[in-house]
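Dear colleague,

Please find below the structure that I am handing over to you. My notes on its side-chain contacts come after it.

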Amino acid sequence: MDAQLRELIPFLRDRNVQVRALALENLVPHTPKGSPHRNIFFAGLSGGGLQKPKESDIVRDLKNVAHDAFRALVNLSDSPLTISPSPSLPSSLSSSHTSLCNPHAILADLASMLLSNLTTSSAACNILLNLQITIIPDKRLPNGVYTVDSRSASSLPLLVDAFVQGATIGDIKDLEKRKRKGELHFLANVFANLTVSPIGRNYFLSPQPTNVLKPTENLAYPLGKIIAFTEHRDHIRRGGVASTIKNCAFLATGHKAILSPESFQISVPPKDTTAPGIDALPYLLLPLAGPEEFEFEDQEKLLEPLQFLPPTKTRESDPFIRLTLIETLLLLCHTRWGRDYLRSHGVYEIIRVAHEHEQVDNVSEHIERLVQLLKGDEPGQPLPEGEDIATLEVDEENLDVDRPVYFKPVTSAAGSALAPRIQAGSQSGKVEDEDEDDRIEEV
């Protein structure tokens, strides 16, 4: 029997997909522990001493088959027929989540692409937002926990932590030396998809424990963990993060938490729980800033990260991402407090120069709208002289929330040849028609 099974192994590399599938179907029943012919899978394996561990040809072939299967699922998930509500959808989301949170999962990047496509469905978003995962402490792992498919703790903190940990591993070319195998850039699209709904926005703007094993210590806003990636070298990651920030800006009472520096403890009404401010403004402006020098008076208005930028500083190259960042600033102008904060922290100075270098008409038009809001006269009373804007309270009952009619929450960030559904609206930055969802959320 061993000899017959070994004859199937070369067919795992056959060009015909059906042949590979048939070979796999006949080999899989012999992989469980205790199977009499299981030893054929370990033939050629070695390790120990000074010798570098090797994997057998069959193990390598099985990994390739698994990779091909996962890749096929990613490509098929661009169809609404694949992601329509079905009994298998929760299982698919849970399996993808497990792969994403496991630092050693070599298919984690494909899992992030699959999850990105699946969450374009509102049904999938609702399942993921309520998905519960059991965690077991394990200090041997980079994230300190091992996930088990069960229902006892929220899955979103684990996804956010995995996304942050995957940001820098691309610098390590040797896969064996990486603490986490996947870069997980496409999780940015997942966050953009989730924040289209009020539940998703509320999660990213609700104080959460920084360590899932210590639920009552060191609270922080999840959005604050990802804002630094608006200038990441990966286009998918920075685009998805920009879209997530924009979607969160639709929550008017969250503007103070989004803009305030980390030195201030801020709550998002109607909740009373506080956490350090997110301080998102520098990360919204840096991609729009270039190497230009400012007059001394203008330089003083800028936030510290935007002062004295190096001559090599370049602006965001993608017009859709630039448009998303400008639209976010427009949303933050829809409260009086937000407008005053942007005015006093050099936003006009940055976008004035950005407008001079902008080549896309649609982006230029939105910059001009932003300038009108920042430089226009206010209908109400001016702020008391000498008042510190960062310490002002938001008046929830009298928020002067204007109604934007030219953009709405976006779903994911950028296109992908592997997964065509992974995109955030039109790459040309075309603005959608007015819709009920276009309006800023008044809480």
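The notes below go from the chain as a whole to individual contacts.

The model is a predicted one, in which local features need pLDDT of at least 70 and side-chain atom pairs count only at pLDDT 80 or more, while totals for chains, interfaces and linings use all residues. Residues are numbered from 1 along each chain as its sequence is written, and side-chain values use heavy atoms, with hydrogens and water left out.

**The chain as a whole**

The chain has 19 helices and 8 strands; helices (H or I, at least four residues) and strands (E, at least two) are DSSP runs, numbered from the N terminus. Of its 443 residues, 48% count as buried. Here, buried means under 20% relative accessible area, exposed means over 50%, and partly exposed lies in between, with a 1.4 Å probe and protein chains only. Among contacts between residues at least 6 apart in sequence, 66% join residues at least 24 apart, a contact being heavy atoms within 4.5 Å.

**Salt bridges**

The whole structure contains 10 salt bridges, each defined as a side-chain nitrogen of Lys or Arg within 4 Å of a carboxyl oxygen of Asp or Glu.

In one of them, Glu 231 pairs with Lys 313, with 3.1 Å between the closest N and O atoms. Glu 231 lies in the loop between α11 (222-226) and α12 (235-248), and Lys 313 in the loop between α15 (296-301) and α16 (319-332), so this pair ties together parts that are 82 residues apart in sequence. Glu 231 is partly exposed, at a relative accessible area of 39%, whereas Lys 313 counts as buried at 12%.

Lys 246 and Glu 327 form another salt bridge, at 2.4 Å from N to O. Because Lys 246 belongs to helix α12 and Glu 327 to helix α16, their pairing ties together parts that are 81 residues apart in sequence. Lys 246 is buried at 1% relative accessibility, and Glu 327 is buried at 5%.

A further salt bridge joins Asp 340 to Arg 336, where the closest N and O atoms are 2.7 Å apart. These two residues are 4 residues apart in helix α17 (residues 336-344), a separation of about one helical turn. Both Asp 340 and Arg 336 are buried. Through shared partners, salt bridges join Arg 336, Asp 340 and Arg 343 into one network.

**Aromatic rings and a charge over them**

There are 5 aromatic pairs. Rings of Phe, Tyr and Trp (its six-membered ring) pair if their centres lie within 6.5 Å; planes under 30 degrees apart count as stacked, over 60 as edge-to-face and the rest as tilted.

Phe 163 and Phe 191 have ring centres 5.3 Å apart and planes at 85 degrees, so they are edge-to-face. Phe 163 lies in helix α8 (residues 156-165) and Phe 191 in helix α9 (residues 187-194), so the pair ties together parts that are 28 residues apart in sequence. Both phenylalanines, Phe 163 and Phe 191, are buried. Tyr 203 and Phe 204 also form an edge-to-face pair, because their ring centres are 5.3 Å apart and their planes stand at 85 degrees. Tyr 203 is buried at 11% relative accessibility, and Phe 204 is buried at 1%. Ring pairs link Phe 163, Phe 191, Tyr 203, Phe 204 and Phe 229 into a cluster.

The charged end of Arg 237 sits over the ring of Phe 163, 3.8 Å from its centre, and over the ring of Phe 229, 4.7 Å from its centre. A charge counts as sitting over a ring if NZ of Lys or CZ of Arg is within 6 Å of the ring centre and within 35 degrees of the ring normal.

**Helix α7**

In helix α7 (residues 122-129), the residues Ala 124, Cys 125, Leu 128 and Leu 129 are buried. Viewed down the helix axis, the buried residues of α7 fall within an arc of 130 degrees (taken from the directions from the axis to the C-beta atoms), so they line one face of the helix. Ser 121 caps the N-terminal end of α7, with a side-chain oxygen 3.2 Å from the backbone nitrogen of Ala 123.

**Glu 316**

Glu 316 is in the loop between α15 and α16 and counts as buried at 8% relative accessibility. Its side chain makes a polar contact of 2.6 Å with that of Arg 238. A polar contact is a pair of N or O atoms within 3.5 Å; within protein, one must be able to donate a hydrogen and the other to accept it, and residues adjacent in sequence count only if both atoms are side-chain atoms. Leaving aside neighbours within four places in sequence, Glu 316 is in contact with Thr 230, Arg 238, Pro 287, Ile 321 and Arg 322.

With kind regards
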